[in-house]
Structures are given as structure tokens and as C-alpha cells.
Amino acid sequence: MAEINLLEAIRQGIDEMMAHDPGVFILGEDVGKRGGVFRVTEGLMDKYGAQRVIDSPLAESVIVGACIGAALNDTRPIAEIQFADFIHPAFNQIVSEAARMRYRSNGDWGVPLVIRAPYGGGIHGALYHSQSIEAFFAHVPGLKVVAPSTPYDAKGLIKSAIEDPDPVLFLEHKKTYRLIKGQVPDHDYRVPIGKAEVKRPGDDITLIAYGLMLHFCLEAAQVLAGDGVSVEVLDLRSLRPLDTEAILGSVRKTGKALVVHEDNLTGGFGGEISALISEHAFEHLDGPVMRLAGPDVPAMPFAKPLEDAFMPSPEKIVAALRKLAAY
Amino acid sequence: MNDTILDIYTRMLRIRRFEEQVGKLFSQGQLPGFVHLYIGEEGVGAGVCAALRTDDYIVSTHRGHGHFIAKGGDLNAIMAELFGKATGCCKGKGGSMHVADVSIGMLGACGIVGGGLPMASGAALSARLRGTDQVAVTFFGDGASNEGSFHETLNLASALKLPVLFVCENNQYGEFTPADKAMNIKDVADRAGSYGIPGVIVDGTDALAVYDVTTAAVARARRGEGPTLIEAKTHRRSGHAEGEEAFLAGQQYRSEDEKAAAQAKDPILVLRSTIIKQEIATAEQLDELDRDVTQAVAEAVAFARASADPAVETLYEDCWI
């Protein structure tokens, strides 16, 4: 076991898969010589060569599109989108091509592609370097969407994503990269896609999150314990496929649920979870399914007071939990 | 013409002293977020904008401070924006990568590479629909010329003969990757031929040459003859972003020779010596101008520091919910 940060966990996972399978390669902006702007791919070009760690032009549509074509032909590409905010030119390739290929080819062609994208705010990135994009993509059948919150999960999930026969959008909260550290075993392991995990057991309220928000939720749950309220924190880890049984099982036990995400509220992923609980656990509920999310404003602003006001925080989660506990 | 030359020089100097101050503030940890400096590229922004009217439009990039200032933007307003203050040109919402001032035709910097080109063609289209002779200019880098939006926009603008200028600031790097690793041609201007428009190469460190080619392209656009692609060869004296050394961890992506060559072709020193040689102004007069500009930048910093943070309620302003 070694303690590493989330960024190192992703790098290790990719490194081990590249060592194991010569078909794994990376294509993205400044991923090679520079090792990526966040340095996730640092050292991999030296180790595996410029044929397998490829610096691309600034052109997101073809970064993803070329990886789709390669994935169709016995390789396992990892496309890096430098910031999730830059993914939109590639939307068509991801949604119209990658996600539909297996279905339209009668199952003949899968697209074993991983698209990595650093997302989220809290780093003064302002309008174009702070976005959460999960709701756009979790809507798309055929595409898997993963958002780990710990180094252990990140390493296990990146390996599962690389091995997966279908396209996976791998979302990395950029604020967790160096902030979140944890133990990662030395042996080879996987974390399965589509499986949530209870990160803190509890009986009174189910608190559901992923990515950076999971850590804020753990802090808030600790505060509520002081109030005598036992909060169960469920880390979704995958948004699609969604571990519906884990969500419903927890809510049937606690009778109350709060979903937290940084992405804005309306049309956000919390609405899907709320609908799921209402439809399938209605008779177990002791209060409304609540959502705490980013506000419905067009972007995360630059100024610190405004960014703070946009981001959900442990304090805001505590307030929402207390409101829910009062039901 | 002498007034024009001094005007261009003043614009360049305002950019340079502003950017130097911003670099210093960033290194002292006084500016949050990401900052991309325009030092070394002033000849392009100043030469282009001096050839425009206030009611002409520009669309900028993530490296946009210079364009804002060259178009006549207020130093206090942009400095306050970089500090995220309520008095900033975007009330603190935008920050460095998103400076804008519609009143001077500066439609905005854009944090997405290639994001500005299509909008510039739209601004040009609006001028035609409204029956004015305004032109629109979009600045972008060599890296953006590999984005789909570049190709889509050049084609549309050419097909519709729109009054738009495409100004490629070829500073030879797309972020950290040399341009010659990202494209298999030497000159971005060559791409103009594919779209049936003129492609002009100019030395971006020669502001007067930039002014001349822009003046010709603007006249052509105003005559209704369509767009021009101008490729200004220039140098990015700073890094891609300030503070990158910490992330580069000692890694060098530019040689010392290359950096020295860029220093030697400083656009401000080039124009300064022209001005003195042609006796348009004396060295003493230029030094006095420099002192005035430096003072204005210092005042902008003081203004930004003294300004209030935006009120939290403004998160919900300038949008509908």
C-alpha cells in the first residue's frame, strides 16, 4: 500500500495498462512532451514513445473521432480533453458516433474508447475552465460516464474503463487531483463500472454525491453526527450505468435522501436520482427527495465571492441536511 | 502619419507596461486564476486596432489583454476585472480570459481556442444587414487554425463575402507544442487559398507593417470584396500561462537561442528606434510618454485594489433564471 493523490492514481492505472497492452495509446493536446497541463500523463511518452503518447493539434472533434476509428480496429485509445469545457466541439463524435456504433452495427463493432476530461470549479478558472459536463453526457444511452472521488476508485476505474468494450467518459474533478490522497494497494485490482459504494454508513439520511462533492458530503455527515443525525454517504462513482439498487436500498433504509452536485440544478443529474427514488421507493420516504446543486446561472464566475457562492460547500450541505432531518 | 505612428506606439506601450505589471502581481500571488500575457505580440494588436474605427468590432482570445487595450479599453476597468472586482469591465464575472467592452467594439476575449471566429463573421454579417460599413476582426493563434471553427468560418465568410479580417497571431506555439508539430505547412496564410480569399504574411514585430496590411484589408472589406486572412509572425515572450514554471518542473520547451531571438526583435524597441530615427519624437519625449503610461498602470492597480468585491447577489444578475 502507498498513499498517493488522485492524479497519480490515474497515471499509475494508465501506465500499468499501457505496460500490459500495446494497443493502449493516448491522444490529446500537450499530453506527450508536456505530460498534460495537469501532468497526468507525465513520463509516459518517455516510457512508451511518441507513437503511443501522441501530441495532437488543438482540435477536439478529431481527437475523439480519430480515437473512435482506432478503437474500432483493435486498439484501446485514451483521448484526453484538456479541460471538460473544451469537449463540446467533440460532442457530435461522442454522441452520434461513439455511443451508437455498437447498436447500429448489430453488435459487430464496439468502441473501446476512454475519454478523460478534467471538470469542475473552485480553482478560479472562470467561465471556460470550471464546467461540469456530466448531465449532457449521462443522458446518452451507449455511453458510460464515470466520476471517481478517491485515488483507489480512480485507479480501479481507469483500468476498468480502458478494458471496457464500450466508450467511457472518465470525469476527473480537477480540484481533487492533488488535494485528495489515499491508500492504493500494490496489487492489480479493478473497480467495476456501474457500482456505487457506501463511503460512510448511516441510518437517518442518504446523502448521494460523486467527485469533489463526495468529500464535502463526508465532512457534512461528520457535522450532522454531532447533531445526533446518522447520515449514510453514497458515492455513485458511475453515473451511467447507474447503480439503482444501491440508491434504492439505502433510501429504503433511511427514508430520506439529499443529492449533491456542482453542476447546475435544472436538468442536472440529481433530478434523475430524485425521480428514480420517487418512483421506486415512494412508500419508504419520510420527506421530500432534496437536491443541492450549482445555481442556474450561465457559468461559474471568476470573482472569489461569486465562485464561492456558486460552489456547494460542506456548510451548505450541512444546512440542507438539517432541513431534511427536521422532516 | 506621424500621429498614427505615435498612436500605435502608445497603444503598444500601454499593453507592455500593463502586462509587465500583471506578470509581477501574478508572481506575487496577488492575482487568482490563469493569466496569459501578450508581451512580445503588441505589434499585432496595436497595428491592427490603429487601422480600425471605434465602431468596428474585434473578437479576442484567451490572450486578450492586449487586444482590449489596443482597441482603446480602459486600464482601470481591465485591471479591476483581473482582480475580480465589481468595477471590472465584466463586473468580476469574467476575469483575465473573458475581458470585454461592447462600447468600444471589443466583443470579448474567449477562453475556448477557436471560439471567437464564428462570432466575428456574425458581427460582420450584422453590419451588412444593418447597412453599415463596419468591419469585424477576429484574432486567433496558430493553434486555433487547426480547429474546425477556423475552417468553417473562413469558408462561410468567403462564400458570403463578409467584411471580416482573420488575424492569425502565429507565435509558433499552441500552448506548449510547437506549431510545426501540429501542422504540416509553414504558413497559416496558405490556408486562405483553400477558401478563395487573400492570405497575407506580415512581420508581427513590425507594427507599422501590420498597420499597412490591415488598412488594405479593411478597405477591401468595406468595399464589399470580402475577407482577408492576415498571418502575423510573432513571438510569445512569456510562457503559455504565467506560473507555468511550477508545473513544468524544470522542463524546457523553448531553447535559450529562441528566447534570445525573440528578445532581440522586440516590437516596441523596433518602433522606438524608427520614431527617433525619423525624428517623429525625441528619446526624451518617448521616455516621458513611458512615465505617463507607467503611472496610468499604477493608478489602475490602485483603482482595482480600492474597488469592492462583487456582491454575492450579482451571481444572479445579468441572466434570467
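## Salt bridges

Across all chains of this predicted model, a search of the whole structure finds 39 salt bridges. A salt bridge here is a side-chain nitrogen of Lys or Arg within 4 Å of a carboxyl oxygen of Asp or Glu. Side chains of opposite charge can pair when their charged atoms come close.

One such pair is A:Lys47 and A:Asp15, with 2.9 Å from N to O. This pair links distant parts of the chain, 32 residues apart. A:Lys47 sits in helix α2 (residues 44–48) of chain A, and A:Asp15 in helix α1 of chain A. Helices (H or I, at least four residues) and strands (E, at least two) are DSSP runs, numbered from the N terminus.

## How the model is read

The model is predicted, so local features need pLDDT of at least 70 and side-chain atom pairs count only at pLDDT 80 or more, while totals for chains, interfaces and linings use all residues. Residues are numbered from 1 along each chain as its sequence is written, chains are lettered from A and ligands numbered from 1 in the order in which they are written, and side-chain values use heavy atoms, with hydrogens and water left out.

## The seven-stranded sheet of chain A

In chain A, 7 strands form an open sheet with mixed pairing. Their order is β3-β2-β4-β5-β7-β6-β12. Two strands pair if DSSP finds at least two bridges between them. The edge strands are β3 (53–55) and β12 (238–240) of chain A, and each pairs on one side only. Neighbouring strands of this sheet are turned by 20° against each other on average, direction ignored.

Inside the sheet, β6 (residues 144–146) and β7 (residues 168–173) of chain A run parallel, joined by 3 bridges. A:Lys144 has A:Val168 in β7(A) as its bridge partner. Helix α1 (residues 6–20) of chain A packs on the sheet. Among the strands that α1 touches are β2 (24–28) and β4 (76–80) of chain A. Touching means contact: heavy atoms within 4.5 Å. The direction of α1 makes about 130° with that of β2(A). Axes are lines fitted to C-alpha atoms, for helices over the stretch in contact, and angles run from 0 to 180 degrees between N-to-C directions.

## The five-stranded sheet of chain A

Chain A also has an open sheet of 5 strands, in the order β9-β11-β10-β13-β14, again with mixed pairing. β9 (197–200) and β14 (290–294) of chain A each have a single partner strand, so one side of each is left without a neighbour in the sheet. The twist averages 25° from one strand to the next.

β9(A) and β11 (residues 231–235) of chain A pair in the antiparallel sense over 3 bridges. There, A:Glu197 stands opposite A:Asp235 in β11(A). Helix α10 (residues 244–254) of chain A lies across β10 (205–209), β11 and β13 (257–264) of chain A, at about 155° to β10(A). Helix α13 (residues 314–325) of chain A lies across β10, β11, β13 and β14 of chain A, at about 150° to β13(A).

## Backbone exceptions

Most residues other than glycine have a negative phi, and most peptide bonds are trans. A cis peptide bond joins A:Arg240 and A:Pro241, with omega about 0°. A:Pro241 lies in the loop between β12 and α10 of chain A. B:Lys161 has a positive phi, near 50°. B:Lys161 lies in the loop between α6 (148–159) and β3 (164–170) of chain B.

## Where the chains meet

38 residues of chain B are in contact with 33 residues of chain A. On the side of chain B that touches chain A, the residues divide into 20 nonpolar, 13 polar and 5 charged. Here Ala, Val, Leu, Ile, Met, Phe, Trp, Tyr, Cys and Pro count as nonpolar, Asp, Glu, Lys and Arg as charged, and the others, Gly among them, as polar.
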